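Below is a short briefing on one protein chain. Please keep the sequence and structure open while reading.

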Amino acid sequence: MSYEVTIEPTGDVIEVEEGQTILDAALRQGVWLPFACGHGTCGTCKVQVTDGFADVGEASPFALMDVEREEGKVLACCCMPESDLVIEADIDVDPDFAGYPVQDYSGTVTEILPLSPTIRGLRIRLDRNMEFQAGQYINLHVPGVAGSRAFSLANPPSSSQEIELHVRKVEGGKATTWLHEALKVGDRLELSGPYGQFFVRKSDEQGAIFIAGGSGLSSPQSMILDMLAEGDGRPIYLFQGARNLAELYNRELFEQLAVEHDNFHYVPALNAPLPEDDWQGFSGFVHEAVADYFEERCAGNKAYLCGPPPMIDAAITTLMHSRLFERDIHMERFVTAA
Ligand code: FES
């Protein structure tokens, strides 16, 4: 059994299976609705039901207050229709968003890359191509672990059948420990995707500043490989932050790209280099490397940030001091998958 949900003001109509959430159905049918956490705690996906009946599901009382429930508001990521519905959503779709539908995929692990002491790269050959935009992420199901874990795609869309993920091992994290210690080449994995609103705004001509910390390098890697392969001639900068040289992974790849492409500039930064690193590059946090490089004048560029929340917050402050506006800054706050 399924219900028809009409989304205003766009007039899109989606089919929602019994027991399926509105958000899951919309994303799988290529219809975009705003969302962030995906499990009822942030309130980003709040919509107004104007006709019909629905079960609000597991919405947190903080994300959806009693008074809002009485007004007919629901969270699209938890809400399951109990009749045909009409909902009103605050939809502001970016013109550069391709809106590829979310689908389920299976794949076989073809390669495991020891990128750094704490980060492992996984290459997974999917049974069929996944269409996605560089910068988006997938949700991976880890055997024996409830729920799924989000990982950004590190490969460009041109190699969409063999995907690459960067997995940082989190102490005590069941999923990432399994991916680091038990996963083998040849194992099968299930995942769904693509998700996310982190992608390059290609329709404008502004330069692109990528700022990455830790395994947050994965999305910028995909985006940069995609832009350079397409012959995008705008200035492209990658600032990559790590603690020490061993954690600064894929450095040779980006150094080589900087040699091959005049418009690509690579600045690695170490905030705690070891004596044996004999580090001659920038010492300090990655946002300090950005301020130093641009001498606090970043206007004319768009910035794309991906990394842990403290890195993102520090980078935003630096960029705004350097004359970028909020509309010029896009980010993926990397809440580490445990
Ligand atoms: Fe966070 Fe629905 S996306 S509450």
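In strand 5, Leu75 is the bridge partner of Lys46. The model is a predicted one: local features need pLDDT of at least 70, side-chain atom pairs count only at pLDDT 80 or more, and totals for chains, interfaces and linings use all residues. Residues are numbered from 1 along each chain as its sequence is written.

**Sheet containing strand 5**
- Strand 3 (residues 46-51) pairs with strand 5 in the antiparallel sense, over three bridges; strands are DSSP runs (E, at least two residues) and helices likewise (H or I, at least four), numbered from the N terminus.
- Two strands count as paired if DSSP finds at least two bridges between them.
- The order 2-1-7-3-5 describes an open sheet of five strands, with mixed pairing.
- Its edge strands, each pairing on one side only, are strand 2 (12-17) and strand 5 (73-75).
- On average, neighbouring strands of this sheet are turned by 40° against each other, direction ignored; the axes are lines fitted to C-alpha atoms.

**Domains**
- The protein chain is divided into domain 1 (2-88), domain 2 (103-195) and domain 3 (207-333), with bounds from an automatic or database domain assignment.
- The centres of domain 1 and domain 2, taken over C-alpha atoms, are separated by 29 Å.

**Pairing of strand 13**
- Strand 8 (residues 103-114) and strand 13 (residues 188-195) run antiparallel and are joined by six bridges.
- Opposite Tyr105 stands Leu191 in strand 13.
- Strand 10 (residues 137-141) is also antiparallel to strand 13, joined to it by four bridges.
- Tyr137 has Tyr195 of strand 13 as its bridge partner.

**Nonpolar cores**
- The largest nonpolar core has 62 residues, and those with the most contacts inside it are Phe210, Ile211, Phe239 and Leu305.
- This core lies between domain 2 and domain 3, because both give residues to it.
- A nonpolar core is a set of buried Ala, Val, Leu, Ile, Met, Phe, Trp, Tyr and Cys residues joined through C-beta atoms within 7 Å.

**Pro235**
- Pro235 is found in the loop between helix 4 (218-229) and strand 15 (236-242).
- Pro235 is partly exposed because 14 other C-beta atoms lie within 10 Å (20 or more would be buried, 12 or fewer exposed, in between partly exposed; C-beta atoms are placed from the backbone).
- Not counting residues up to four places away in sequence, Pro235 touches Gly207 and Asn263; contact requires C-beta atoms, placed from the backbone, within 7 Å.
- The C-alpha atoms of Pro235 and Ile209 are separated by 8.3 Å, with the two residues 26 residues apart along the chain.

Key
Contact = placed C-beta atoms within 7 Å. Axes fitted to C-alpha atoms, helices over the stretch in contact; angles between N-to-C directions.
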